[in-house]
Each structure stands twice: as structure tokens, then as C-alpha cells.
Amino acid sequence: MKKKLPFYLIATVVVVLMLIALNHLWTNWDAARELSNALAEKDAAGAPMDDGGTLEYREFPVIGSRVLVWMIAELHLMFAAFVLAVPMFAVIIEFIGYYTGDKRYDDLAYEFTKLLSTSFSFTATLGAMLTFALIILYPRLMGYLVNIFSWTFLPYVLLFFAEAGFLYSYYYGWGKFSPKVHLALGIGLNIVGTGIMFIANAWLTFMNSPAGVTETGALISTWDAINNFTWMPINIHRLIANVAFGGSIAAAYGAFKFLGAKTDEERAHYDWMGYIGNFIAIIAFLPLPFAGYWLGKEIYAYSQTLGIVMMGGTFSWLFIIQAVLIGNLFLGANYYLWVSMERIEGAERYRKAIKWLLASITICFIVWATPHSLVASIEEARKMGGAHHPILGVLGVMSAKNTAVNVLILTTYLSFLLYRRGNKEATHPRASLLKNIQFGIFSVVTIFVIVLGVAGYFVDATTRIGFSVPQVLSVLFAMISIAAIDVFLFRNAKSKGEIKWGQIKARAQYALFFLAITFTWLMGLMGYVRAGLRQHYHVYGIMEDTSAHAFTPTLGFAAGVVSVTVLIFFALIAIVFWLSSLSTKKKWEPKDASDDVYGLAEEARS
Amino acid sequence: MKNALTIFIFTILTTLFYWYVGQQVPQKVTYPPKKLELRDDLTTDEMIEIGAEIVNGKGTCQSCHGLPGGRFPSLDNVGAIAASRIEGMSEVEYLAESLYDPNKFIVDGYLPGMPQAHKAPISLNDKEILCVIAYLQNQGGSPTVSMQTSHSFTGTAPEDAGGGQVAAAPASNLDGPAIVETYLCLTCHKVDGPGDMVGPSLYDVGNRMDKAALYESLLDPDATLTEGYAGGVMKATLDGVGFYDKVSSKEMKTLVDYLASMKGGN
């Protein structure tokens, strides 16, 4: 009874918190709905019809058409990201198994792939729901987009068919083909999946940065409409982000199975699976901020106004929420590595470094989450001498934030390096020299990043923005060169002990869940800002949103919609996990003769 | 089963945490600009007032021009220097060019990038741009445009470009003293006599500042600071009470007229 009390206490607290949140969400929702209704009434005279007498909008009851489309689109995107990401790393893991001859990798790749078939069905269903919702609720917008992109629909559908063919032959053909043929199927699956994503990205990026059309929106070139300013940056950003997201969900699956494992063997397997999933997620996550910079730069290049709405206007505070999420991702990823080191014999010698790594992450997190200007009461602002805090204001600018994120990346990389060499002792004849070179690269790059960050305060804006490039390149250089040296350094290394897979604390598994939830929430938030940037435009600068939902809601409201979407996603992913687990369940056996309609018991006896 | 329930609770708690973070940042609804018909017989003061509203609202000008040292040149004093920016080009022509074709002439030390004001997404029409020119001339100079002024770009903007939209601003019937009280000016300024509080007394502000300076001191309080007073306080205060979100053009005019009439009892 004593043991159960905290659990029920937590459950009660959760229920109370949920009720408070729902009440708050409903109040927000009510306010937004009231506003929509008021605007709809006001525009009732002519807004629903365009000049040609075509219906422009239809309204969805209770939650409104915008929130409905928003949630379905997010859910579709989350599942699509997962379905596109898993084959990428499944093929790589399968190849590692084929190359090294280690069957464990092949089994792991198969286990990841098992998650795909249900997810693929969910993705397709949500995609169909999204299409129907858009056609029914936003007929004018869809009419326009169909006119612009009509040529892209046929290849999209054909690729979708090809995706189904590759996916199911890859899954059901596991062990049925030669490894080379099977790997080729996996590569084909990835190619068509990427093609599908690129086409869909053209539609949505056109809405943000239209090209290939006249000022009034008439089509000049479909290819230019596809190859608009933000198309390729979004393609690359999504490709990397999908892998990070997919890895985190696969790691959560490992954690889910670990916690329910009955034997040491199962625990060891799922511990390893969680580790590999998380490794994939973090490796993909590290370069993601750089892809984000590129996307941001292209948004500014397309339209200064759009860029300023994003970073200095309506959405600037959204990036504080993003900073909290990304800070938590770094913290969670490092925490998992530190706890994981407890199962490596010999890794205890690195334990003393954890406090310094934690200090570095905490400082960088604080800097990154510091807003540029503070919202304060009149009295507070008066005492402070303005909206910018005299000390903290210095940390709120881009120079400080860029430096912080680069140091965060370096710190996480260092955690991984320590984890990797936990049970290894270098036997290379020049081990000492190589270690010194690694230390030298790491130190010089860290100092270089910090010096550029400080110098950013003393130069003009253009030079300051330019500093972010050498900062990023130097960090990439450090990661690649140190990794390359590590390969030589630990070749034929002496083992200081073994990795005891499965002997890991349950809290490490919760760190994996935490990372998966945070990745998903972050994805929902960034999806919102990408679409919300257009504000009262469906197609920026070309087609205005004249519906009752043309206003941009509060960030609190957006956070509510994202949260509900994330919870629905995890409810659906729980179904995926459960269905994937069925294949390893024992076969059903009749309890008595009346159940034994197929004569299975008799058959077994004979 | 217990594991599944614990994972479920953990998922709810983590999501709730992020939802909570989302509630802690400033909450603001951004509305699409509203349409407004501009009369052909607007007075100069009315043009300045509407111009100020566009510059601070629909035009999104202050996002880049708002502060000295910002992305684009500050608009402080632009009315005084516009005539001498390009040799042989009149003040009105220069300001019109900078709005219709902003990247043709770039001020030294800055990069091109300003969008054309008469095209989407800003979409000002010719009449609105005339009002913006009046406002800009009033920044350190004297407005010379009227609604009938024509320049090289007249007719370039489509009549219905954006439909003559300006930021929404509710009308009110408050008088000067009521506005001063509503926006908590009295927390920092005295009005009933000389003597300084956190800010200088408004008792005789009409002797020290003309209407243009009063507009400027309200729209951009840190542009010209009275000696001995800290920058940022008034802006933070007005932000804090939602002055810039709530004040209508009518209230702004009433407030400036009222302050201009404060001549120390004379």
C-alpha cells in the first residue's frame, strides 16, 4: 500500500493539472471562437463568395475549420516524418549487419521496420482526411493550388503507389530475398519516400514564398513555383529533422518494450534498441540548427518583412518556447548518456566530468532561453530602467545565442565521446599525441566560437550575422576531425570491461520518452510557426485569408492546440507499438473444448 | 499495465509542462488590417495622424526603422534631411521613391531589402502613401503634401491595393485628462503643477514641445530624451499598459492637442 501511494498521488495531481489545462484551453478556445463568430457575422454580407460566385470557405462546427485542418495536418506530418525516417536508418542498420556479419543489426533493422506498416496506413488515412478537409473547408485556396500544381499530382500518386510496393516488399520480404536485393528494396523505398516529401514540400513552401506566378497570382512557371525560395531549405531541414524525430520514436519503442520485458535477454535487446534509436536521433539533431539557419536566411532573402515577423515581430516569443524545448532536448540527451555510462565497466573514471558538462549545458541553456526584451510590470520596468534588463539584456541577442547553441552542441558531442570510450583504453603507439591533438582542436574551436560571439557585440549587424557561418563550420570541423582521430585512436583498443546491456536504470528509459515527447512537441510548434508566418495570407502576398480565422491567435492558444495534437499522436503511436508487439506474442490457445473450433488441441496432441 | 499507465501519466505531465511554458510568454492576437476609406479632403494634421498609424501598424515600418542602430535607417529627423538626400530631388519625390522603389537609393552603411510599400504584403494605396509621406515630413520638418499632391509614382499602386487598410483602432470619446488617466501617465508625470516625478512634469509641456515633438515623444519616447531621465522607462510603461495596441488615432490627436494646450496655467 505504501509503495502505491505516490503513484496514485501523482495520478491525482495529473488529473487535476489536466482539468486546469483543459479549462484554460477551453477559455482560450471560447475566446477564439467568439472572435471568429464575430468576424464571420461581420463578413457575412459577401465574404464567403468570391467574384465568380464560388464558395470560398465552409465552417467546421465547435473547433472551427482552421483548428481542424491544423491538427490533421500536424498529425499527418508526424506520421509521415516517422514513415520516411525509419526506412533511412533501417537500411543503414541492415547494411551494417550485412557488412559486419552481425545478425543483431539485421534483427534490429527488422524490429524498426515492424513499426512501419501500421504507421504507413495511419499516414495515408490522415493524408486523405487532410485532403478532404481542405477541399471541403477551403475550396477557393484548393482551387488555386490545384491550378498551380496540377502537373505534380500524377507523379505524387505514382510515387505513392511505388512507396507502398517498396515498403511492403521490404517488410514482408525480410529474409526472403538475398541481402543485396533486400537492401536495394530499402534504398528504393527511401528514394520514392524522399520524392513524395519533396513534392508535398513544394505545395506548402509555395504558400510561404510564392514564385513562378505574377503579382496577381497567375501561373508563369510550375517549375519556378516548385523551386521557390524555401523549397530546398525545407527539404533538407525536414529530411534531417525526420531522422531525429523517427529515431526518438523508435527509441521510445525500445524503452516501452524494455520496461515491459520479462527476461534479461529481452531487457538487453531493448536497452540496445533504445540506445541505437537515441543515437540516431541525436546524431541527426546536432546539425539541425544549421539547417534551421539556412532556412531562416532564405526566408529573410525572400522577404525581409516575413523574416522580421518571424524573429522580431509576432512570433519572436515563440522562439523562447523553442529554446526551452531544444534546451531540454540537449539536457535529456546528455542525461541519457550519463545514466547509460553506469552500465559500462571502466566508464566510472569519466563520472567526475559530468558535473562540468552539466554546468556547461545549464549555462548555455540559460543564455539561449534569455529573451531579448522582458515583459515586466510598470514598477519592475521602472526599477530595471527599461524593457531590456541591464545585464540579462546582453544575453538576449543573437551573438550570445549562437555561441550558446554551438557550445551546447560541442558539450553534447563531448558527452558522447566519453560514453564511446567508456570501456576502451587506447593502445595506439601515438595515443598520447592523438589525444593532445583532439584536446587542442576541441579547445581552439571552443575559444574561437566564444571569441566570435563576444566580437559580435562590437561590429555592425551584417558582420555579426556573418560570424555565424565560421562558428558553425568550426564546430562541424571539430566534430568530424575528432571523430576521425578517434577511429584511429581506438582501433584495436584494450577493453576495460564490458557493456552490460539491460543493466540500466528505468529513469534512463523515461529520458527516452521525454526526448520523444519533446521532439514531437517541437515539431508541432515549428509546424505552427512555418504556417503562421503568413498571418492573414493563404499564399503570402498573393491570396489573402478573408475567412473568420484570418487572425493570428495567441501563443498560449497555439500551445494548447499543439499539446492536444501531441497527445493524440502518442495515443495513435501507442496503437502502433501495441500492434507491432502482437507479432511476438504467443499464439492463442483454446481454453476448453468449446473454444477449440478448429480442433487445434487435437491437432497438437496428434 | 502499470508501466503503460506510468508512461501515459509521464506523457501527459511532459506535454502539460510545455503547454504551461506556452502560457508564460506574452499573449497577443494579431488581426488582419482593416479597410478604411480615405477622404480626399483630409487636413495635414489628419494625414499625419493616419500616416503615423500606418507607420506603426499596417506598414510594419517600425520593425526595421524603429530604433537608431536598427536594420534600416531611423526615421527620426527624416523630414529634415529628405530634401538633401539626392541632389536635385525634392523632398516629396525622394520620400515617394523610398516607398515605391526603396532599393533604388540605399543610404550609406545599409543594405537593400525593404519591400515596396504599394505591393503585397504591405499593399498601401496612393492615398495611404501620401499620408505616410506627410508623417515622414513631419519628423523634423514641415509637411507639404496634401491628398491632391502628385509625384512620379502617382497611379502606380492599384486603387484597391489592400483596400486602403490601416491597423484597427477603436474610436473613443475620452477627453485629454481622461486619456492621461487611462494610460497611467500620472504614475510618472505631474500635470497639476511643476515638479518632477519619474518623468518631467507635463504642467507646462506645451511651452517646451510642439505637436510634432509630442507625437514623437509618444510614438518613440526614447528618440529625444529630456536630460536627466532614463531611456526605456516610458516605452516599457506604455507597452505595459497596452497603449500602442489600444490607442486610436482619435485618442492620439485628442491627447496631443491636450498636451500642447498645457502651458503652465497661462
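Thr11(B) counts as buried, because 23 C-beta neighbours lie inside 10 Å of this residue, and the threshold for that class is 20 or more. The structure is a predicted model. Thr11(B) belongs to helix α1 of chain B, which covers residues 2-24. Apart from neighbours within four places in sequence, Thr11(B) is in contact with Phe513(A), Ile517(A) and Phe570(A). The points below begin with this residue and proceed through the two chains.

**Surroundings of Thr11(B)**

- Which residues does Thr11(B) contact, leaving aside its neighbours within four places in sequence? The partners are Phe513(A), Ile517(A) and Phe570(A), each carried by chain A.
- Thr30(B) stands 19 residues from Thr11(B) along the chain, and the C-alpha atoms of the two are separated by 31 Å.

**Chain A: overall composition**

- Chain A contains 20 helices and four strands.
- Of its 606 residues, 44% count as buried.
- Among contacts in chain A with a separation of 6 or more, 80% are between residues 24 or more positions apart.

- Helix α2 of chain A (residues 64-100) has 37 residues, and the distance from its first C-alpha to its last is 55 Å, close to the 54 Å expected at 1.5 Å a residue.
- The helix α2(A) is mostly covered, with 29 of its 37 residues buried.
- After α2(A) comes Gly101(A), which has a positive phi, near 75 degrees.
- Helix α16 of chain A (residues 431-455) has 25 residues and should span 36 Å at 1.5 Å a residue; the end C-alpha atoms are 36 Å apart, so the two values agree.
- Which residues of α16(A) are buried? They are Val445(A), Thr446(A), Val449(A), Leu452(A) and Gly453(A).
- An α-helix has 3.6 residues a turn, so residues three or four places apart point the same way.

**Chain B: overall composition**

- Chain B has 12 helices and two strands, and their order along the sequence is α-β-α-α-α-α-α-β-α-α-α-α-α-α.
- Of the 266 residues of chain B, 38% count as buried.
- Residues 24 or more positions apart provide 68% of the contacts in chain B with a separation of 6 or more.

**Chain B: domains**

- The domain assignment divides chain B into domain 1 (34-166) and domain 2 (176-260).
- The C-alpha centres of domain 1 and domain 2 of chain B are 25 Å apart.
- Seven residues from domain 1 of chain B and eight residues from domain 2 of chain B take part in the contact.
- On the side of domain 1 of chain B that touches domain 2 of chain B, two residues are nonpolar, two are polar and three are charged.

**Chain B: the crossing of α2(B) and α6(B)**

- The axes of helix α2 (residues 44-56) and helix α6 (residues 126-137) of chain B come within 7 Å and cross at roughly 100 degrees.
- Why is α2(B) described as roughly perpendicular to α6(B)? The crossing angle of roughly 100 degrees falls in the range of 65 to 115 degrees, which means that the pair counts as roughly perpendicular.
- From α2(B), the contact involves Thr44(B), Met47(B), Ile48(B), Ile50(B), Gly51(B), Ala52(B), Ile54(B) and Val55(B).
- From α6(B), the contact involves Glu128(B), Leu130(B), Cys131(B), Val132(B), Ala134(B) and Tyr135(B).
- By class, the residues of the contact of α2(B) with α6(B) comprise 11 nonpolar, two polar and one charged.

Methods: Residues are numbered from 1 along each chain as its sequence is written. Chains are lettered from A and ligands numbered from 1 in the order in which they are written. This is a predicted model: local features need pLDDT of at least 70, side-chain atom pairs count only at pLDDT 80 or more; totals for chains, interfaces and linings use all residues. Domain bounds come from an automatic or database domain assignment. Two residues are in contact if their C-beta atoms, placed from the backbone, lie within 7 Å. Ala, Val, Leu, Ile, Met, Phe, Trp, Tyr, Cys and Pro count as nonpolar, Asp, Glu, Lys and Arg as charged, and the others, Gly among them, as polar. A residue is buried if 20 or more other C-beta atoms lie within 10 Å of its own, exposed if 12 or fewer, and partly exposed in between; C-beta atoms are placed from the backbone. The expected span of a helix is 1.5 Å times one less than its number of residues. Axes are lines fitted to C-alpha atoms, for helices over the stretch in contact, and angles run from 0 to 180 degrees between N-to-C directions. Angles under 35 degrees count as roughly parallel, over 145 as roughly antiparallel, 65 to 115 as roughly perpendicular and the rest as oblique.
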